[in-house]
Amino acid sequence: MGDTDQSAAELRRAIDELHLHLAAGDPQHDQLLERAIIASCSGITIADARLPDMPLIYTNPAFTQITGYTVAEVLGRNCRFLHRGEGDQPGLDEVRRAMREQRECAVTLRNYRKDGSLFWNELYLAPIHDDGGILTHFIGIQNDVTSRVELEEAREFFFQVASHDLKSPLHAIRLAAGTFGAIAPVGTTVDERLLGVLETIAKRTREMQGIIDDYLDLQTLDAGRMKMSSAPLALNRLFEAVLESNAEYAASKRIEVHQECPAEIPPVQADDRKLTQVAQNLISNAIKFSPSDSRVAVRISVDDQRARVEVSDEGPGLTEDDLRKVFGKFSRLSNKPTAGEKSSGLGLHICKRLMEMQGGEIGVVNNSDQGATFWITLPLA
Ligand SMILES: Cc1cc2nc3c(=O)[nH]c(=O)nc-3n(C[C@H](O)[C@H](O)[C@H](O)COP(=O)(O)O)c2cc1C
């Protein structure tokens with residue numbers, strides 16, 4: 001449940017509670033209710049649904065504080081004066097639908113204060129019916145969420161900058177470092193130490209690109225903009241290719257990687273690039289946390305409906321605490337990469353979300369002897 005849904009549910013409960021008190025008809029309760037509304041730091045507005053154009057018949061002091069409009073300036077008017085002609089907003093379409101269908105809704109709107117300044121208004125709207133079930137009023141609850149929205153906008157802006165302004169120079173540095181050694185004048189050799197420095201530059205920029213890619217993926221996932229495709233895929237070939245692309249990395253730590261797979265396996269239904277990303281994460285993680293001279297094994301198995309891939313390492317395994325939070329956002333685990341590799345801490349969280357979007361699952365167990373096994377399952381095509 002999102003923040004808005006949650007606060008809407010809480011408000012709904014509070015209103016139901018108030019209805020109960022009102023029904024009791026006790027003047028003390030009515031007084032308490034009025035004081036609560038006056039003391040509220042959320043704007044509270046009531047419109048009469050039986051009058052033409054649904055005018056406001058009540059606004060509390062917080063509404064004046066948020067919008068700058070006094071009670072006298074707004075009573076008898078429809079609350080649309082707050083959008084100053086910007087009536088074409090997705091949130092307002094939802095308001096119109098909810099009002100037509102006489103149901104509650106929660107939206108965030110672009111509104112304007114009396115002094116003309118913009119503010120983001122989190123509006124919760126609910127119908128009020130009389131004993132005969134006839135709609136009589138709407139109650140609106142307004143919260144100024146401008147600082148939260150501005151923070152989200154800043155976050156979005158940062159990710160835009162990260163994607164366009166940081167990615168391309170990093171790519172250029174990596175390319176330059178890669179080609180530098182190859183362009184020494186004919187007949188000269190490049191100092192080994194210089195090659196080592198260039199390799200470090202290339203490795204570190206690759207890591208930085210990986211971190212940026214993870215942040216961008218998270219942003220895309222959170223915004224619900226991650227595009228997925230689905231096609232029958234040969235799991236063994238996909239994992240073989242990923243193992244192959246990690247062969248040099250594994251060799252640099254003297255780690256032996258091998259794959260066990262039945263001779264015939266039916267294809268799985270998945271997104272090629274996203275599954276490759278998951279496989280890359282699991283295999284590079286296994287290498288990252290493995291000591292030198294150990295083994296990483298990939299095992300593929302199939303039952304009648306699903307395929308399962310296990311990636312096992314001989315590293316230190318995960319603590320109880322790490323097992324609980326390993327797929328969480330920004331989870332810093334207690335284990336450290338064995339060669340100082342850097343990452344965003346987002347990789348496994350992204351894997352989990354990508355697997356779920358493909359109808360798959362992901363998990364981890366500690367091996368009975370040594371190390372951990374990360375596993376995924378996917379539906380067969
Ligand atoms: C009780 C109540 C409170 C409302 N509060 C707001 C508000 O704070 N901001 C806003 O933009 N619209 C608010 N609205 C919605 C507008 O008054 C209006 O109903 C909506 O824009 C649809 O009308 P339109 O099609 O003329 O735009 C509220 C409506 C009601 C009934």
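View 1. Helices (H or I, at least four residues) and strands (E, at least two) are DSSP runs, numbered from the N terminus. This is a predicted model, in which local features need pLDDT of at least 70, side-chain atom pairs count only at pLDDT 80 or more, and totals for chains, interfaces and linings use all residues. Residues are numbered from 1 along each chain as its sequence is written. Look for Leu 166, where helix 6 has a kink of about 35 degrees, shortly before the proline Pro 169; the bend is the angle between axes fitted to the seven residues ending at a residue and the seven starting there. The number of buried residues among the 35 is zero, so helix 6 lies largely in the open (buried: 20 or more other C-beta atoms within 10 Å of the residue's own, placed from the backbone).

**View 2. An open sheet of five strands in the order 2-1-5-4-3**. Its pairing is antiparallel, where two strands pair if DSSP finds at least two bridges between them. Strand 2 (56-59) and strand 3 (105-112) are the edge strands, each pairing on one side only. On average, neighbouring strands are turned by 25 degrees against each other, direction ignored. Three bridges link strand 1 (residues 43-48) and strand 2 in the antiparallel sense, and Ile 46 has Tyr 58 in strand 2 as its bridge partner.

**View 3. Helix 7 (residues 192-222) crossing helix 12 (residues 347-357)**. Their axes come within 10 Å and cross at roughly 40 degrees (axes are lines fitted to C-alpha atoms, for helices over the stretch in contact, with angles from 0 to 180 degrees between N-to-C directions). The crossing is left-handed, that is, the near helix is turned anticlockwise from the far one by less than a right angle. Asp 214, Asp 217, Leu 218 and Leu 221 in helix 7 meet Gly 347, Ile 350 and Arg 353 in helix 12; contact puts C-beta atoms, placed from the backbone, within 7 Å.

**View 4. An open sheet of five strands in the order 7-9-10-12-11**. Here the pairing is mixed. Strand 7 (256-260) and strand 11 (361-366) stand at the edges with a single partner strand each, so one side of each has no neighbour in the sheet. Strand 9 (residues 295-302) and strand 10 (residues 306-312) run antiparallel, joined by six bridges, and Val 302 stands opposite Ala 307 in strand 10. Helix 8 (residues 235-245) packs on the sheet, touching strand 7, strand 9 and strand 10.

Key
A residue is buried if 20 or more other C-beta atoms lie within 10 Å of its own, exposed if 12 or fewer, and partly exposed in between; C-beta atoms are placed from the backbone. Two residues are in contact if their C-beta atoms, placed from the backbone, lie within 7 Å.
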